Each structure stands twice: as structure tokens, then as C-alpha cells.
Amino acid sequence: MDYPCRRQKISNLLVELELSAILFSKPEQLRYLCGFTGSDGALIVSSTEMIFLTDSRYTMQAREQVVADRVEEYKVKGDSIITQLKTYAPTKIGFEAELAFGTAQDLQQRGDESWQWVALGKQLDSLRLSKEPDEVSAVSVATQANFEAFTEIRNMIQPGVSERAVALALEFALKQRGAEEKAFDFIVASGYRGAMPHGVASERIIEQGDLVTIDFGCRFRGYHSDETVTLAVGAVSDELRNIFDIVLEAHDRALAAVVPGIALIELDRIAREHIDLAGYGQYFGHGLGHGVGLEVHEAPVVSPRSRLTAEEGMIFTIEPGIYLPDVGGVRIEDMVLVTSDGSKILTKIPKTFCNVLVN
Ligand code: ZN
Ligand code: ZN
């Protein structure tokens with residue numbers, strides 16, 4: 001991981017935003033900037049120094065892992081942050097906009113009245129937009145685990161099996177392959193439940209004629225996979241087969257259009273237009289995709305609100321869907337890496353129509 005390059009990005013931000021220092025505390029940001037994998041700490045970056053602060057539970061770990069000028073142990077986090085900041089006689093201090101409101105307020109009260117605190121949102125999102133080769137390879141390990149785990153459990157997706165049993169088997173198969181953790185609570189949505197884009201696996205028993213949407217992923221070395229497969233169990237209705245084909249075509253068209261320089265809003269439009277023209281526009285209510293990395297949902301967003309264009313090194317999902325209330329639904333999701341001259345699909349499970357009772 002290229003820590004000097006990441007530190008340089010922060011130095012540039014300090015100059016650009018005329019900040020004396022930036023305070024980081026989000027675990028994913030700590031991991032990105034200084035390599036710390038624990039769950040609690042703080043990093044202060046000024047133009048001259050990078051200091052990592054943590055409590056006694058993590059001091060040993062931090063001294064081994066952290067790439068910073070100093071590691072300090074604290075008893076009370078807020079006190080320690082303020083003490084360190086005072087040494088810079090700061091004027092403007094940046095902090096993560098996601099910092100809990102109460103925590104931000106507490107810091108402002110403890111600090112000098114003259115300090116100006118600036119919440120940083122988009123400016124920090126952009127730090128991790130473009131992935132380094134090491135990050136791409138960590139994501140690829142996670143997508144390979146997805147492929148192997150899914151291949152292993154695929155044959156258990158049968159009438160009579162509960163959604164929850166499928167989710168558990170997948171999680172077990174992923175962890176057997178070394179996954180640190182599941183990326184989120186898996187969605188296994190069968191039959192009419194497929195109409196719920198976020199239908200977390202329930203006790204529902206899978207039946208003949210169902211489409212089953214399985215959205216799952218895992219984490220390796222901090223990096224995530226996120227992938228959705230929709231399968232048919234036995235013969236499905238013409239309507240379900242039709243929406244499957246529409247979603248797959250929307251997915252394929254958007255994926256084929258991924259090249260450096262294309263507006264992300266345009267990728268969303270390509271998929272959305274296909275679904276619209278087929279008459280199902282009102283049943284595709286979410287954005288087309290999102291960035292994936294140290295967080296399973298991170299910048300950039302790929303939606304009608306996107307402002308960015310695809311750049312080499314970005315990793316994001318393409319995941320169109322159609323959700324018909326009381327009938328069922330389809331979502332198909334792959335992760336794609338923007339390369340210097342095109343793109344590379346990182347997820348490996350084939351997405352063509354698959355009937356688990358026939359194939
Ligand atoms: Zn997903
Ligand atoms: Zn996703």
C-alpha cells in the first residue's frame with residue numbers, strides 16, 4: 001500500500017483548503033492513511049506531522065502497524081486530540097463530516113474558541129476514488145472467494161430450503177476461504193420477496209417457480225466484494241423471465257460502456273433507458289451502482305445524481321434491478337474496475353439466465 005502517496009494527498013488538501021490540520025477517526029480512513037486495522041483511534045495530520053492516537057487496548061498493535069511520525073496512547077480521546085492540536089496553534093481544523101454530532105460538539109467546546117472547525121465530506125470521499133494495484137488485488141481476492149463459495153453452495157438452492165439456510169451456507173463457505181467478515185447481511189429474496197431490493201434472508205422456504213435474488217460479499221485485508229445473482233428455481237413465469245432478460249441486457253449495456261472518461265450519470269442512463277423503454281422504469285427505484293473498497297458502499301455513486309466521470313482505478317458496481325410488488329424481482333450486480341483503456345469485470349459468477357433445477 002502506497003502510504004507516502006496517500007499522505008501527499010492529505011498535504012495537498014491542507015494547502016488547498018487552508019487547513020492547519022485534519023482530524024481523522026473513521027476506521028476505514030485510519031486504515032487507508034496509516035495502516036491501522038483496529039476499531040478505535042484518531043489520526044491528526046498537519047503540514048509537518050502525522051500523529052496516531054489510540055488507547056491501551058491498541059497501543060502494541062498500533063506500534064507494529066501504523067505508518068506515522070508518532071504513536072501516542074490516551075486515556076481520554078477528546079483530551080488527547082485537543083492537547084495535540086494545541087501544539088500547532090491551529091486556525092482551521094478539518095474533520096470528517098460523518099463524525100457524530102455530539103463528538104464534534106464536544107471537541108469544539110474543549111478547543112480554543114478561536115479555532116474554526118470545518119466538516120469535510122466530498123473532499124475526503126475523493127481520496128480513495130482511484131485504487132492502487134494492491135487495493136485491486138485485495139478486492140480480487142474477495143471476488144474470487146465469492147465465486148468459489150457460491151459455486152460450492154449453488155446446488156443447495158432448491159425448493160424446500162429456507163433463504164436463511166442459503167445465507168448461512170454462503171457465509172460459512174466464504175469464511176472457510178479466509179474471509180475476515182461478511183460484507184453486510186446477505187440478501188436472499190425468493191418469490192414475492194424478490195420485490196424487496198433489500199430483503200435480508202428470512203425464514204421463507206424457496207419454492208418451485210421462484211426467482212431467487214442473492215446479494216452477498218465478503219472482506220479480505222479490509223477490502224470488499226459485492227455481487228448479486230438472480231437464479232430461477234424450476235420453470236418461472238413468462239413475466240419473470242421477461243424482467244430477467246431486461247435487467248441482464250441493461251446490466252450488459254452499462255458494463256460494456258465503462259471506459260475512462262465516461263460520465264457516471266451516463267452509465268446510469270444507459271441502463272435506466274433500457275428498462276424504461278421496456279416499460280418497467282417505475283420498478284427500478286435505486287441508483288445503478290456505487291464504489292466499493294475499504295467500505296462496501298463508498299464513492300463514487302453511479303446514479304442520476306452522479307457528477308463524476310469514470311477514471312482509471314475506480315471500482316464500482318453495476319446493479320440494475322426490476323422489483324414487481326407481490327410478484328418478484330431481479331437484480332444483477334457485478335463489480336467493474338476502470339482500466340487505462342477500458343474496464344475489467346472483477347466479479348466472476350456468470351450472470352446469464354440459470355435454472356438451478358435444469359442446468
Ligand atoms: Zn450488492
Ligand atoms: Zn452493491
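Aspartate 215 and aspartate 226 are both buried (buried means under 20% relative accessible area, exposed over 50% and partly exposed in between, with a 1.4 Å probe and protein chains only). The model is predicted, so local features need pLDDT of at least 70 and side-chain atom pairs count only at pLDDT 80 or more, while totals for chains, interfaces and linings use all residues. Residues are numbered from 1 along each chain as its sequence is written, chains are lettered from A and ligands numbered from 1 in the order in which they are written, and side-chain values use heavy atoms, with hydrogens and water left out.

Since aspartate 215 belongs to strand β9 and aspartate 226 to the loop between β11 (223-224) and β12, the pair ties together parts that are eleven residues apart in sequence. Helices (H or I, at least four residues) and strands (E, at least two) are DSSP runs, numbered from the N terminus.

Strand β9 itself comes next. Seven of the seven residues of β9 (residues 210-216) are buried, so the strand is largely enclosed by the rest of the structure. Asp210, Val212, Ile214 and Phe216 point one way from β9, whereas Leu211, Thr213 and Asp215 point the other way. Strand β8 (residues 187-190) runs antiparallel to β9 and is joined to it by four bridges; two strands pair if DSSP finds at least two bridges between them. Strand β12 (residues 227-233) also pairs with β9 in the antiparallel sense, over seven bridges. Threonine 213 in β9 is the bridge partner of alanine 189, and threonine 213 also stands opposite threonine 230 in β12.

Another buried residue, arginine 128, has a relative accessible area of 6%. Arginine 128 is found in the loop between α6 (122-125) and α7 (133-153). Leaving aside residues up to four places away in sequence, arginine 128 touches Glu28, Gln29, Tyr32, Leu294, Glu295 and Glu298, where contact means heavy atoms within 4.5 Å.
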